[in-house]
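Please look at the sequence and the model below before reading on.

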Amino acid sequence: EGMDHSTMNDDMEGHMDHDEVVSLNDSTGENELKIPSVLESDNEEELVYTVRAQKGETEIFDGTKTKTYGYNGSFLGPVLRFEKGDTVKIRTINELDEETTFHWHGLEVSGEEDGGPHSVIEPGEEKLIEFEVTQEASTLWFHPHPDGKTSEQVYNGLAGLIYIEDDNSRNLGLPDEYGKNDIPLIFQDKTFDDEKQLNYSAAMNEDGTIGDTSLINGTLNPKLTVNKEKVRLRLLNGSNARNYTFKLNTGDSFVQVATDGGFLNEPVTLNEITLTPSERAEIVIDFSQLNTEDELALINEEDGSTLLPFEVSDQSGEDSSIPEEMNDFSITEEERNLPVTKEVELFGMMDQVTINGKKFDPDRIDFTQEQGVTEVWEIYNKPDDMGGMIHPFHIHGAQFKILSRNGEEPPENERGWKDTISVEPDETVKIAIQFKNKGVYMFHCHILEHEDNGMMGQVKVE
Ligand code: C2O
Ligand code: CU
Ligand code: CU
């Protein structure tokens, strides 16, 4: 009896920890935001990129070296920039002392190239992959996916961005000067120990590891200096578990132009936007009427913390505008009328998380779907005795459409391509999904500790 009691208490404490999420530090704005480099092709005749997962040391805090992981560097990774229609080769090299995989989150490639837990690369080994970029302009990302070790490797620093550009993205006239008025923002939270080290096993929470220290692109206490112009921010929630609700400290509105997998049809004006782990959004903030003394900052409405103060220079920038029409995303009547053919029930917390009552088994195929055929999946987040929690649900290898949330049309800013959706307790979300390629793909909760605890299944596309 005593043991039952203590087990239960542990569970409850873990859950309460989750509800009362640790607040993030406020950025003091003392460091200019780091902008990841853009990876160049190894040679001019063909597009071949080399991506190495490696260990390193990073000066996150002045004068201290923190042991970290990174791609082609000590922490995080470069931006891979592809053009729709490109045939791309990537040499993926594992220079870590442990197994890893290279997963291209949001990219529509075959199961072979997708880099799920079956595609392990042993330490010191490499694998060349090749694929064609067939999808439209979007901001995707890449990270490791080894079974049971994803959360720790991402936490230690393995994550990078992928940009896809196409004729449409180049002709829209949106701000697109990389690092100047088109800025990537990878939001992560970490806990540093007394030696300013990332000690994953000490920081780890089975229900999702939450840190008290906010890093953007790996920068502690960042600020972003902008000219007086419209600035496009490509937001990625790259945290293991934390949700962010992005808002301006003044309450002023901004405009969302893109979802996970492409542009919205029309810009959507918002006062705030919530992103759960792995979701992306592109937003545009207009700084053209601001003055150098204006104190604008991006804050996290969830805990009131200041994430990114902006410093407006006295330079006027480009006179860009946001077009009224940006895309031709649509949901057909046929798609709306399709029956539900796959049901996904998300349940549990801590290490008791399941999908359809089961934990991940690499030898079990949970669903099959035919290549090129659209099916409707219904995702339900089943509450537990304590209410439950949001699970960000992600499917590999495809961008999908949200048909409904609890039977209602999704909000305007979710009427675009998605690969991850937040599902609230007791919420049912219907999506229409089609895989363009074949292979075995994961679907899972993107709270990385839930994923590692088995809240994952496999769909085989044939
Ligand atoms: Cu970000 Cu299984 O993916
Ligand atoms: Cu993915
Ligand atoms: Cu979850």
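In which sense do strand S5 (residues 87–94) and S7 pair, and over how many bridges? They pair in the antiparallel sense, over seven bridges. Strands (DSSP runs of E, at least two residues) and helices (runs of H or I, at least four residues) are numbered from the N terminus, and two strands pair if DSSP finds at least two bridges between them.

This is a predicted model, in which local features need pLDDT of at least 70, side-chain atom pairs count only at pLDDT 80 or more, and totals for chains, interfaces and linings use all residues. Residues are numbered from 1 along each chain as its sequence is written, while chains are lettered from A and ligands numbered from 1 in the order in which they are written.

**An open sheet and a buried strand**

S5 and S7 belong to an open sheet of four strands with the order S3-S2-S5-S7 and mixed pairing. Strand S3 (66–71) and strand S7 (126–132) are the edge strands, each pairing on one side only. From one strand to the next the twist averages 20°; the axes behind such angles are lines fitted to C-alpha atoms, and the angles run from 0 to 180 degrees between N-to-C directions. Within S7, Glu 126 is the bridge partner of Ile 93.

Strand S8 (residues 138–143) is largely enclosed by the rest of the structure, because six of its six residues are buried. A residue is buried if 20 or more other C-beta atoms, placed from the backbone, lie within 10 Å of its own, exposed if 12 or fewer do, and partly exposed in between. Ser 138, Leu 140 and Phe 142 point one way from S8, whereas Thr 139, Trp 141 and His 143 point the other way. S8 runs antiparallel to strand S6 (residues 103–105), with three bridges, and antiparallel to strand S9 (residues 160–165), with five bridges. Phe 142 is the bridge partner of Trp 104 and also of Gly 160 in S9.

**Domains and core**

An automatic or database assignment supplies the domain bounds: domain 1 (33–166), domain 2 (182–316) and domain 3 (333–461). The C-alpha centres of domain 2 and domain 3 lie 26 Å apart. Between these two domains, 24 residues of domain 2 are in contact (C-beta atoms, placed from the backbone, within 7 Å) with 23 residues of domain 3. On the side of domain 2 that touches domain 3, the largest share, five residues, comes from S17.

The largest nonpolar core has 102 residues, of which Ile 162 and Leu 235 touch the most other members. Such a core is a set of buried Ala, Val, Leu, Ile, Met, Phe, Trp, Tyr and Cys residues joined through C-beta atoms within 7 Å. Leaving aside neighbours within four places in sequence, Leu 235 is in contact with residues including Leu 185, Phe 187 and Phe 246.

Most residues other than glycine have a negative phi.

Asn 72 is partly exposed, because 18 other C-beta atoms lie within 10 Å. Asn 221 counts as buried, because it has 20 C-beta neighbours inside 10 Å.
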